[in-house]
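Hi everyone, thanks for coming.

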Amino acid sequence: MAKDEDERKESGDTWRDFIWNSRTNEFMGRTASSWGLILLFYLIFYIFLAGMFVLTMYVMLLTLDDYKPTYQDRLTTPGMMIRPRGETLDLTYSIQDTESWDKYVQALDNFLAPYNNSQQLLINDVCTPDMHFIQEDSGEVRNNPKRSCQFNRTVLDACSGLTDRTYGYQAGQPCVLIKLNRVIGMLPGKDGQTPYVTCGAKKEDSDSIGEIAYYPPNGTFNLMYYPYYGKKAQVNYTQPLVAVKFLNLTMNADINVECKINSNNIATGTERDKFAGRVSFKLRISAKIYTHTHTHTHTHNL
């Protein structure tokens, strides 16, 4: 019994001596000078690592261009997007329910505000159509800010919101705006052939989509809006649009629509991204269908 108590006492003394040994003035087996040297070593070591990281980042940033991405090999084919759009690419509303389609009208009003003719006249130039608007730098001297071409709202005609404030939504003939995502330096349309948009229904809905009108005519993205030089170099750039107006959709039916870009130097549906150069969305317009019944009254002479 006494032997066990002696062993516990000896064990306790050993731990206390390890934490603080008053005879040798050691803390956890090291003197103050030893701990100081270790902390100094790790301080210098981590300062060195931090310096190497900062130097590496600095050298890498020196290789980057503020105006153009160094690498953009994944952007050979631009994506497409529609306006208006919600959380999903579904345009669903009821003609009789004003609130259901007014949100789309408001979204288009806000989106097209910078395209007003008066605004474009102030910030952008009238350019020569059907040719790329090339603005080269002079060696190391940058030609910035670069000029941009006017895209006037009136070009969208029946989908401009100027002649029809509801963009056709009230009449069941909605307008959808198509835009190509911006890619710096892209020159669509080889040999002067202007890229254009075509839309159609998926095979199962081909009988429901009806006639489609395009604005500008033929649904073209004019060459004068390209190339795009980047937000920093071309601060007033106005993205060209194509408006698609569905003239006689089948009411009360889900219609799956696909629009794509057609160009002799832009591939669509690549192996990396089958949706490259195209966009799909669903249209559904609900409308009450009234049937007329004729009541015939017969008069009998008694």
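How far apart are the sulfur atoms of Cys127 and Cys149? They sit 2.1 Å apart, and the two residues form a disulfide, a term used here for a pair of cysteine sulfur atoms within 2.5 Å. In general, a disulfide is a covalent bond between the sulfur atoms of two cysteines.

Quick housekeeping: this is a predicted model, where local features need pLDDT of at least 70 and side-chain atom pairs count only at pLDDT 80 or more, while totals for chains, interfaces and linings use all residues. Residues are numbered from 1 along each chain as its sequence is written, and side-chain values use heavy atoms, with hydrogens and water left out.

Okay, back to the cysteines. Searching the whole structure turns up three disulfides. The link of Cys127 and Cys149 is left-handed, with -100 degrees about the S-S bond. Both of its cysteines are buried, and by that I mean under 20% relative accessible area; exposed is over 50%, and partly exposed is in between (1.4 Å probe, protein chains only).

Next up, Cys159 is joined to Cys175, with 2.0 Å from S to S. This pair links distant parts of the chain, 16 residues apart: Cys159 is in the loop between H4 and E5, and Cys175 is in strand E5. Those labels are DSSP runs numbered from the N terminus: helices are H or I with at least four residues, strands are E with at least two. The torsion about the S-S bond is about -75 degrees, so this disulfide is left-handed too.

Then there's Cys199 with Cys259, at 1.9 Å. Strand E6 holds Cys199 and strand E9 holds Cys259, 60 residues apart. Here the torsion is about 110 degrees, so the disulfide is right-handed. Cys199 and Cys259 are both buried.

Now for the charged side chains. There are five salt bridges, each a side-chain nitrogen of Lys or Arg within 4 Å of a carboxyl oxygen of Asp or Glu. One of them pairs Arg153 with Asp109, at 3.7 Å from N to O. Arg153 is in the loop between H4 and E5 and Asp109 is in helix H3, so the pair ties together parts 44 residues apart in sequence. Is Arg153 buried or exposed? At 7% relative accessibility, Arg153 counts as buried, whereas Asp109 is partly exposed at 22%.

Another one brings Glu258 and Arg278 together at 3.1 Å. Glu258 is in strand E9 and Arg278 in strand E10, 20 residues apart.
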